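Me: Could you walk me through how to read the features of this structure, one at a time? I would like the general idea and then the case at hand.

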Amino acid sequence: VGFMTASIKTVADVQIGDTITEAARPVAEPFPGFEEVKPMVFAGLYPIDAVQYEDLRDAMDKLRLNDASFFYEPESSTALGFGFRCGFLGLLHMEIIQERLEREFDLELITTAPGVRYRVTTTDGEIAEIDSPSKMPDTGRITKIEEPFIEATILTNDTFLGGILPLLDEKRGVQKKFEYVTENRVMLVYELPLNEIVLDFYDRLKSVSKGYASLDYHLSGYKESKLVKLDVLVSGEPVDALSLIMHSDTATPKGRLLVAKMKELIPRQMFEVAIQAAIGNKVIARETVKAMGKNVIAKCYGGDISRKRKLLEKQKEGKKRMKKVGRVEIPQEAFLAVLKVNEG
């Protein structure tokens with residue numbers, strides 16, 4: 001064990017497992033090193049203050065040095081600005097990285113909804129791996145979408161089966177095995193989509209079993225699923241950071257829930273704001289944030305009704321003009337609403 005210095009300009013040039021040799025006595029072949037770990041869960045990390053972008057990049061460089069499983073690449077969002085698309089081994093790994101970035105490097109971050117890597121086959125026969133909804137091709141160009149599945153083994157007391165079995169069905173689970181290993185202890189083996197367990201599955205499993213259920217799983221492969229991209233539009237403009245990839249059976253109810261939540265969080269403007277959830281060109285849910293109104297006829301006591309109508313029409317025209325040029329600022333809480341909808 002010792003120390004050495006090298007003329008390395010950037011931290012990214014160093015890989016864990018690289019072979020270091022003497023220039024005078026080089027080795028014929030480098031050591032095999034470590035097999036590169038493939039991340040399973042992906043999420044966007046954005047600094048709340050755009051000034052901290054460079055600090056965030058330097059902090060990630062340092063974390064990458066002692067965590068080979070952590071992956072990141074630059075990403076930009078029209079709503080959140082510049083940030084990074086990050087890959088993690090799982091949800092716990094993601095929480096640890098975020099916690100370290102905030103505590104050790106004093107950064108304030110927004111995390112987008114976590115997702116997994118999908119395989120998309122297009123009409124021209126190309127197969128692309130998609131880890132972000134923004135990279136999803138147009139619906140007309142997609143032949144099929146495959147998602148990763150896991151084989152999960154759950155050990156629990158049979159007392160809690162009444163809560164665990166409906167949870168597994170809700171997460172699109174397929175039962176492979178149901179076996180009593182002791183008089184009152186059950187082993188369940190289920191096949192589940194990885195995307196369904198990355199967010200809240202473990203917490204809900206512990207809740208319904210009062211902490212008496214264990215979960216172990218491994219990746220079983222990719223399977224074709226009926227998946228769609230759910231977009232959220234604010235005043236007709238899509239907000240890329242709020243897009244989600246989900247199963248078609250749950251897209252409509254979750255879309256309605258999301259726009260209803262967004263209506264509560266987006267502050268009222270001087271003009272009407274339309275919030276829509278859409279799958280492709282089809283709008284599946286809509287809510288409207290009403291405009292703040294001024295009582296322009298407050299000073300009109302009695303008199304001709306035509307005068308009041310003229311004032312109201314003038315106000316209406318003004319709001320139309322404002323709607324064309326106005327921008328809606330989306331609060332940070334709205335991006336967290338996506339996580340709450342997924343948990344629901």
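Reply: Happy to. Let's start with a definition: the expected span of a helix is 1.5 Å times one less than its number of residues. Helices (H or I, at least four residues) and strands (E, at least two) are DSSP runs, numbered from the N terminus. Helix α6 (residues 248-265) has 18 residues, and from its first C-alpha to its last it reaches 26 Å, close to the 26 Å expected.

Me: Before we go on, what kind of model is this, and how are residues numbered?

Reply: This is a predicted model, where local features need pLDDT of at least 70 and side-chain atom pairs count only at pLDDT 80 or more, while totals for chains, interfaces and linings use all residues. Residues are numbered from 1 along each chain as its sequence is written, and side-chain values use heavy atoms, with hydrogens and water left out.

Me: Where is the kink in α6 centred?

Reply: The bend at a residue is the angle between axes fitted to the seven residues ending there and the seven starting there. In α6 there is a kink of about 25°, centred on K254.

Me: Which residues of α6 are buried?

Reply: Buried means under 20% relative accessible area, exposed over 50%, and partly exposed in between (1.4 Å probe, protein chains only). In α6 the buried residues are A251, K254, G255, L258, V259 and M262.

Me: How do I read the chain as a whole?

Reply: Begin with the totals. The chain has 8 helices and 15 strands, and 40% of its 344 residues are buried. Its accessible surface comes to about 20800 Å², with 52% of that belonging to carbon and sulfur atoms; such areas come from the Shrake-Rupley method with a 1.4 Å probe, and for residues only the protein chains shown count as cover. For contacts, the criterion is heavy atoms within 4.5 Å. Among contacts between residues at least 6 apart in sequence, 65% join residues at least 24 apart.

Me: Why do the buried residues of α3 line one face of the helix?

Reply: In α3 (residues 161-170), the buried residues are L161, I164, L167 and L168. Seen down the axis of α3, they fall within an arc of 135°, so they line one face. The arc is that of the directions from the helix axis to the C-beta atoms. Their cover includes β7 (142-157), β8 (174-180), β9 (185-193) and α5 (201-208).

Me: What should I look at in the backbone angles?

Reply: Look for positive phi values. Just after α3, R172 takes a positive phi of about 65°. D106, a residue other than glycine, has a phi near 55°; D106 lies in the loop between α2 (91-104) and β4 (109-111) and is exposed, with a relative accessible area of 63%. K210 has a phi near 55° as well. K210 is in the loop between α5 and β10 (214-225), and at 66% relative accessibility it counts as exposed.

Me: Is S243 buried or exposed, and which side chain does it meet in a polar contact?

Reply: S243 is buried, with a relative accessible area of 9%, and lies in the loop between β12 (237-238) and β13 (244-247). A polar contact is a pair of N or O atoms within 3.5 Å; within protein, one must be able to donate a hydrogen and the other to accept it, and residues adjacent in sequence count only if both atoms are side-chain atoms. The side chains of S243 and D231 are joined by such a contact of 2.8 Å. Leaving aside neighbours within four places in sequence, S243 is in contact with P133, K229, L230 and D231.

Me: What does G44 touch, not counting residues up to four places away in sequence?

Reply: G44 touches E75, F84, R85, I110, T111 and T112 on that count. G44 sits in strand β1 (residues 41-47) and, at 0% relative accessibility, counts as buried.
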